[in-house]
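This report sets out selected local features of one protein model with its ligand.

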Amino acid sequence: VSKGMAKGMEIIGKKFECKEVYLSELMMAGEVMREGMEIVKPYIKPDAVKAIGKVILGTVRGDLHDIGKNIVAKLLEAAGFEVIDLGVDVPAEAFIEEVRKSNAKIVGMSALLTLTMHEMDNVIKELEKAGLRKDVKVVIGGAPITPEYAQKIGADYAANDAVDGVDKCKAWAAIS
Ligand code: B1M
């Protein structure tokens, strides 16, 4: 898995980043990875593939766009993370509850609408209120997201694209 399929996803991810392949090809690779995983899953011993970390992922409340988030999820899995995907239209309370329950060290949020990106600010404020902000790194992404916005709301990182976001998670996992 790690030397074959995941390696392949890493390569296609880099090619997408350098604009050598199209989004459709990246998504197709993700589908191949998913189908391949279904085939090899019965042969994998439960502890043979140890996750390098857990990431809670979701598109924020009010927002139904999930194509970018799903790419992030696939690339994270290919990189060896366990992904807890909360889906779309995720309220702040669901992120908080999952941080408590899962003990994940990274929260990833996606937003595609200027109307919904402000919900990221709310999630961070709720994490602070719950006393959990110091326990997690927060990465945000999506078309309207900028480093300035991340700084304004106190997120740890604004990802340019899926590969950039996953690289940041890998760097955090390596130092924790
Ligand atoms: Co909507 N939509 N949409 N839409 N849609 C946009 C975003 C829009 C820019 C179109 C436009 O007007 N030009 C516009 C937003 C304007 C704004 O707010 N500034 C818009 C609008 C207005 C709307 C509706 C309000 C339309 C309406 O109903 N009147 C409505 C809102 C629904 C809602 O969410 N409540 C709506 C609905 C929809 C569909 C359901 C039809 C569909 C979504 C289907 C789905 O996601 N399952 C849709 C789509 C497809 C789009 C466009 C065309 C494409 C978005 C997309 O998937 N891009 C989009 C226009 C555009 O972007 N050209 C548009 C491909 C995807 C791979 O890119 O999601 O940016 P992206 O993800 C990238 C990076 O941003 C990053 O990595 C990805 C790959 O590198 N990334 C992360 C994203 N999340 C990340 C998280 C990370 C790290 C990186 O870490 C956690």
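## Local features of the predicted model

Asn-103 is found in the loop between helix 4 (92-102) and strand 3. The model is a predicted one. Although Asn-103 is not a glycine, its phi is positive, at about 60°. As a general rule, most residues other than glycine have a negative phi. Asn-103 counts as exposed, with a relative accessibility of 54%, where exposed means over 50%.

Lys-19 is likewise not a glycine and has a positive phi of about 60°. With a relative accessible area of 73%, Lys-19 is exposed.

| Residue | Phi | Relative accessible area |
|---|---|---|
| Lys-19 | about 60° | 73% |
| Asn-103 | about 60° | 54% |

Helix 1 itself comprises 13 residues, 5-17. From its first C-alpha to its last, helix 1 reaches 18 Å, close to the 18 Å expected at 1.5 Å a residue. Which residues of helix 1 are buried? They are Ala-6, Met-9, Ile-12 and Gly-13. These residues cover an arc of only 120° around the axis, which puts them on the same side of helix 1. In an α-helix there are 3.6 residues a turn, so residues three or four places apart point the same way. The cover over the buried residues of helix 1 includes helix 2 (23-40), helix 3 and helix 7 (162-175).

Helix 3 also takes part in a pocket. The second largest pocket holds about 500 Å³ of space. It is lined by 28 residues, of which Gly-68, Lys-69, Val-72, Gly-142 and Ala-162 are the closest to its centre. Which element gives the most to this lining? Helix 3 does, with six residues. At least two residues of the lining come from each of strand 1, helix 3, strand 3 (106-110), strand 4 (137-141) and helix 7.

The cobalt atom of the ligand has a single protein donor, the NE2 atom of His-65, at 2.2 Å. His-65 lies in the loop between strand 1 (53-59) and helix 3 (67-78). Strand 1 and helix 3, the elements on either side of that loop, are also among those that supply at least two residues each to the lining of the second largest pocket.

Notes:
Residues numbered from 1 in each chain as written. Predicted model: local features only at pLDDT ≥ 70, side-chain atom pairs only at ≥ 80, totals over all residues. Heavy atoms only, no water. Donors = N, O, S within 2.8 Å, 3.2 Å for Na, K, Ca; no water. Helix = DSSP H or I, 4+ residues; strand = E, 2+ residues; numbered from the N terminus. Expected span 1.5 Å × (residues − 1). Buried < 20%, exposed > 50% of the residue type's maximum accessible area, 1.4 Å probe, protein only. Arc of directions from axis to C-beta. Contact = heavy atoms within 4.5 Å. 1 Å grid on protein atoms, 1.4 Å probe; cavity = no way out; pocket = protein on both sides within 12 Å on 5 of 7 lines; lining within 4 Å. Points joined across faces, edges and corners; volume = space filled by probe spheres on them.
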